Amino acid sequence: MNNQEILRQIVDYIKSVMDERSLSSRDLAKICAEKAGKMSPRTIDYMFKAPSSTTISTLLKICDGLDLNLTAILHSIEIAKNCFKRKNQAKTYLMI
């Protein structure tokens, strides 16, 4: 998994949290401004369109706004990646 794929997964996770909480980009920008510093709804929208252009600073502000831990998100992605890898290895062994 390359860095762009990891960023896509982080952004997808953030989008799912926003959907669960019924938050628009504008709502999230307001929350982020209160908790972590100025954030534009355009920045959030652009993050969804071009995840690979998203900065760590933007991700940290959004995570702070949503009370998420970026390290925990990265860790869960790593766990999922390793589980997928092991599952595929097990299939390979079964084929042999």
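Visitor: What lies over the face of phenylalanine 48?

Guide: This is a predicted model in which local features need pLDDT of at least 70 and side-chain atom pairs count only at pLDDT 80 or more, while totals for chains, interfaces and linings use all residues. Residues are numbered from 1 along each chain as its sequence is written, and side-chain values use heavy atoms, with hydrogens and water left out. Lysine 15 lies over that face, at 5.4 Å from the ring centre; the term requires NZ of Lys or CZ of Arg within 6 Å of the ring centre and within 35 degrees of the ring normal.

Visitor: Why are helix 2 and helix 3 called oblique to each other?

Guide: Helix 2 (residues 25-35) and helix 3 (residues 41-49) pack at about 120 degrees, with axes 8 Å apart. Angles under 35 degrees count as roughly parallel, over 145 as roughly antiparallel, 65 to 115 as roughly perpendicular and the rest as oblique, and therefore this pair is oblique.

Visitor: What makes helix 1 roughly parallel to helix 4?

Guide: Helix 1 (residues 3-20) and helix 4 (residues 56-66) pack at an angle of about 30 degrees, with their axes 12 Å apart, so helix 1 counts as roughly parallel to helix 4.

Visitor: Which residues make that contact?

Guide: With contact meaning heavy atoms within 4.5 Å, Leu7, Ile10, Ile14, Val17 and Met18 of helix 1 meet Leu59, Ile62 and Leu66 of helix 4. Between helix 2 and helix 3, the residues that meet include Leu28 in helix 2 and Phe48 in helix 3.

Terms used
Axes are lines fitted to C-alpha atoms, for helices over the stretch in contact, and angles run from 0 to 180 degrees between N-to-C directions. Helices (H or I, at least four residues) and strands (E, at least two) are DSSP runs, numbered from the N terminus.
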